[in-house]
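The exercises below are to be worked with the sequence and the 3D structure at hand. Each task is followed by a solution in steps.

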Amino acid sequence: MSGLQSAANIPELRRRVFFTLIMLAVYRIGVQIPTPGINGEALSAFFNQNAGTLFGMFNMFSGGALENFSIFALGIMPYISASIIIQLLTVVIPQLEALKKEGQAGNRKITQYTRYGTVVLSVIQGTFIATGLQGMTGPGGEAIVLQPGIQFQLMTMLTLTSGTAFIMWLGEQMTERGIGNGISLIIFAGIVARGPAAIVNSIQLVQAGEIPMFFVPFLVLFMFAVVAIIVFFETSQRRIPIQYAKRVVGRKVYGGQSSHLPLKINVSGVIPPIFASSIMMFPATIGSFIQIDWVQRVSAAMSPGTVYYYICYIGMIVFFCFFYTAVTFKPDDVAENLKKNGGFIPGIRPGKRTAEFIDKVLTRLTVVGAIYLSAVCVLPTLLIQQFNIPFFFGGTALLIVVGVGIDTISQIESHLHMRNYEGFMKQGKIKGRK
């Protein structure tokens with residue numbers, strides 16, 4: 001409470017927090033505004049029937065906007081996809097790589113390209129969704145689209161594209177004028193918004209006897225244990241010691257201080273589970289549309305809960321951990337920058353040997369991070385399916401919620417420390433663990 005009081009005493013921080021809350025409220029209001037021309041009851045029944053497919057995953061990240069088919073039905077996923085595509089293209093296109101090295105001006109240009117890519121992806125996805133909805137029916141055979149036709153397709157495409165562009169603007173405004181990362185907070189709000197209904201649903205299952213009463217205390221302890229494990233790994237670091245050589249300029253001596261290079265255990269963040277979940281949901285999604293015998297068998301074999309699903313899911317997580325780390329972190333560039341600034345790792349030659357040492361350490365950390373992500377995403381899911389627990393105590397959703405929470409609290413603490421306040425929390429400061 002003293003941390004909250006300190007935060008409220010800083011006018012700038014108070015304005016930033018208030019602005020962020022207002023923007024999140026605007027987003028949640030937009031989630032409830034439906035797109036015209038849709039039979040809401042039939043669409044809701046369709047999503048309940050296809051909860052384990054790609055639709056269910058997108059609906060979770062949109063905070064229920066896709067299930068309601070609101071003006072924000074596409075959510076922020078086109079922006080995330082465009083950002084990932086641009087990051088990957090910077091590796092293979094020299095012009096984009098040069099822009100990335102230009103500093104703030106280059107980053108602004110890359111951000112502009114990301115916005116254009118978001119609009120293009122939104123137009124494509126909106127068109128496909130509008131076309132696909134016209135051929136869908138609810139479980140009872142009722143039509144989801146009230147008046148199919150080209151007018152519905154154009155209106156839906158424009159509505160969904162405008163909604164995604166508005167969400168992108170909200171996220172950028174929150175990042176610039178609010179607190180925390182705006183895009184991450186939008187995803188965070190969408191996931192958390194579905195939490196209360198899931199908890200109420202779980203209480204009803206306990207009252208109905210479908211979840212044993214004696215199991216509830218163990219479930220609560222399990223919740224806190226999973227969150228504690230995520231916090232521990234997300235804040236843990238491998239700190240490589242760095243020593244800077246002394247330089248004599250005139251009568252003054254510069255350098256000679258010691259520092260460290262912090263490497264997170266989970267360098268890739270939540271990207272591997274998101275990519276892996278998207279790919280693994282495709283068989284179930286295709287199986288819901290194509291009624292062919294062999295397609296149905298493949299869909300059933302790769303559906304959540306089967307051995308093949310978990311083997312492929314873990315394999316995808318491990319692959320994307322190494323792939324994304326290799327794309328975003330360049331040991332050669334780090335070694336070159338250290339050499340230019342007169343820094344070196346004690347006992348390691350500067351240049352190529354330093355790059356090899358950093359790459360070796362990073363590979364080991366990536367193995368540990370891949371095991372951690374696989375355990376957090378798979379083990380709670382097994383428990384949820386085994387005991388029919390209908391809310392997100394594991395997996396990608398919990399990783400995003402905890403990660404965004406840690407990042408937001410860290411930014412609040414930074415504002416407090418800049419003004420010599422004690423901090424948001426007196427104990428357990430948000431910092432890297434060695």
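**Exercise 1. Aromatic pairs**

Which residues do ring pairs link into a cluster? Then classify two further pairs by geometry.

Solution. The model is a predicted one, in which local features need pLDDT of at least 70 and side-chain atom pairs count only at pLDDT 80 or more, while totals for chains, interfaces and linings use all residues. Residues are numbered from 1 along each chain as its sequence is written, and side-chain values use heavy atoms, with hydrogens and water left out.

Step 1. Apply the pairing rule: rings of Phe, Tyr and Trp (its six-membered ring) pair if their centres lie within 6.5 Å; planes under 30 degrees apart are stacked, over 60 edge-to-face, and the rest tilted. The cluster linked by ring pairs consists of Tyr-27, Phe-72, Phe-166 and Trp-169.

Step 2. The structure has nine aromatic pairs. One of them joins Phe-232 and Phe-233, with 5.5 Å from centre to centre and 90 degrees between the planes, hence edge-to-face.

Step 3. For Tyr-309 and Tyr-313 the centres are 5.7 Å apart and the planes are at 25 degrees, so this pair is stacked. Both tyrosines belong to helix H16 (residues 307-328) and are four residues apart, about one turn of the helix. Helices (H or I, at least four residues) and strands (E, at least two) are DSSP runs numbered from the N terminus.

Step 4. Compare accessibility, where buried means under 20% relative accessible area, exposed over 50%, and partly exposed in between (1.4 Å probe, protein chains only). Tyr-309 at 7% is buried, and Tyr-313 at 6% is buried as well. Phe-232, at 42%, is partly exposed.

**Exercise 2. Nonpolar cores**

Which members of the largest nonpolar core touch the most other members, and which helix gives the most residues to this core?

Solution. Step 1. A nonpolar core is a set of buried Ala, Val, Leu, Ile, Met, Phe, Trp, Tyr and Cys residues joined through side-chain atoms within 4.5 Å. The largest one has 28 residues, and Tyr-27 and Ile-76 touch the most other members.

Step 1. Helices H2 (11-31), H6 (77-92), H9 (150-177), H10 (182-192), H13 (271-280) and H19 (396-418) each supply at least two residues of this core. H10 gives the most, with six residues.

Step 2. List the contacts of Ile-76 (heavy atoms within 4.5 Å). Neighbours within four places in sequence aside, Ile-76 is in contact with Ile-167, Met-168, Ile-183 and Ile-187.

Step 3. A second, separate core has 20 residues, including Val-226, Tyr-309, Cys-377 and Leu-398.

**Exercise 3. Salt bridges**

How many salt bridges are there, and where in the chain do the partners lie?

Solution. Step 1. With a side-chain nitrogen of Lys or Arg required within 4 Å of a carboxyl oxygen of Asp or Glu, the count is four.

Step 1. Arg-16 and Glu-12 form one, with the closest N and O atoms 3.5 Å apart. Both are in helix H2, four residues apart.

Step 2. Arg-115 pairs with Glu-172 at 3.0 Å. This bridge links distant parts of the chain, from helix H8 (residues 104-134) to helix H9, 57 residues apart.

Step 3. Lys-264 and Glu-234 meet at 3.9 Å, N to O. Lys-264 is in strand E4 (residues 258-264) and Glu-234 in helix H12 (residues 215-235), 30 residues apart. Lys-264 is partly exposed at 36%, whereas Glu-234 is buried at 15%.

Terms used: Contact = heavy atoms within 4.5 Å.
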